[in-house]
Amino acid sequence: DFCVGPHVPSTGKLKAFKLLNTSNAYWKGDARNQPMQRVYGTAFLSDKDLKAHLTQIEEAKKRDHRKLGKELGLFTFHQWAPGAVFWKDKGTTLYNTLANYMREVLVPAGYVEVKTPLVYNKALWERSGHWSHYRQNMFLIESADEETMSVKPMNCPGHFLLYASTVHSYKELPIRFHEQTPLHRNEASGVLSGLTRVRQFSQDDAHIFVMPEQIGDEVERLIRLVQRVYGDFGLELSVKLSTRPEEFLGEIATWDHAEASLRQALDNAGQAYTVNEGDGAFYGPKIDFDVTDAIGRKWQCATIQLDYQMPERFDLKYVGADNTEHRVVVIHRAIFGSFERFIAILIEHYAGAFPLWLAPVQAMVMPIADRHLQYAAFVRDQLQAAGLRVDLDDRQEKINYKIREAQLQKIPYMLVVGNREIEDSTVSVRERSGGDKGASSIDAFIAAAHDEIARKGQVPVTT
């Protein structure tokens, strides 16, 4: 056991044990180091708790995003691009649906989308402090002019340069920058894992530049935004406020004011929370949001962090009402976190059976025989023209086979067409989880689908 421990006051309190599995591992996750044998086991206070845990493990195996991602044709990996995802057409549709959803949420909330460079001179990272503290996790590049450069691992320094490129008045604040460009972090090969730990990813990243007196109102807006977004996915939230750590930058009075602002914002938003004393970042306190998935697992996703230090390093200012310069405060925030990791969470939360608004293919049109193909194509074209993501299964297979295939692909709706449907200008609707729903006109199905998409927040489908 490499942990110092103790983990429990007495091993006598542990009544139920289970050896789970063994595997090979490299010391510190580095393939160049000595190989080891890793033994996995678990222990609980009762047989009931152990059985519940083992049941959750089995359910998690069914929902494993790596398994479902392959079966549903969402993504793949290749050894020549370790830690980088190859998104297939369906996976790209899902990715873009999430990206566009976030834009639709943020633009009305006063955000502007920006794009900043992918590669910077090391001078930027020296200014930000990443060169001395984070360089081992960065991909370095030597330019043709023998300059040392790096692919960016985060967006914040670029946003600081963008903000500093213009003189800002207090009347402009808050300024909210949002960006979704790719980031790269040089993670050790031994820790790479599906979509949850990768080297290339994008975030729904934002940095908000505020006056100190605007912190409370802006953080409250952010909390309500997080509540709204996770409500659309049917995910339950739990919240932690992390306060000043032992080693910190800045003045205690500034920290006290910042923590008080975060507490007040949480209270105003009606958000219950617990306090993690001393677990804040060295540059400011933060609020972290955990989501609970369909089988009870918690995932840390959204975060809101106050930063007083980077505005000092980058000399970020605004001109106040007194016509003199003042220092801004930066709020770092992400809601999804990385798109890759959030998609992994969603795949496992929904067991691959996405609600209609997220499903890469929302409906499959199925002609019973070849003579019905022309009408089936007409139905597909009508639905696509209405903005729905629809495919046509024109294979020469029996209809029951087509239905079974669509169910395995977890497509929300199957629209069967034959002689009767052609005569009546209808479709026979089958639901992924509810079976045969009867005949519907094309217009009625489109209206019902649009209503379901607008409602979002569907209950996860169980396996």
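Axes here are lines fitted to C-alpha atoms, for helices over the stretch in contact, and angles run from 0 to 180 degrees between N-to-C directions. I am working on a predicted model, where local features need pLDDT of at least 70, side-chain atom pairs count only at pLDDT 80 or more, and totals for chains, interfaces and linings use all residues. Residues are numbered from 1 along each chain as its sequence is written, and side-chain values use heavy atoms, with hydrogens and water left out.

**Helix pair.** I looked up α11 (residues 373-385) and α14 (residues 442-455), which pack at about 35° with their axes 11 Å apart. Helices (H or I, at least four residues) and strands (E, at least two) are DSSP runs, numbered from the N terminus. Contact means heavy atoms within 4.5 Å. On the α11 side I noted Y375, F378, V379, Q382 and L383, and on the α14 side I442, F445 and I446.

**Helix α12.** Next I checked residues 399-408, where I399, K402, I403 and A406 are buried. Buried means under 20% relative accessible area, exposed over 50%, partly exposed in between (1.4 Å probe, protein chains only). The four lie on the same side of α12 because they cover an arc of only 100° around the axis; the arc is that of the directions from the helix axis to the C-beta atoms. Their cover includes β19 (363-367), β21 (413-417) and β22 (426-431). After α12 comes K410, with a positive phi near 60°.

**V328.** I found V328 in the loop between β17 (325-327) and β18 (329-338). V328 is buried, at 2% relative accessible area. Its C-alpha is 9.7 Å from that of I208, 120 residues apart along the chain.
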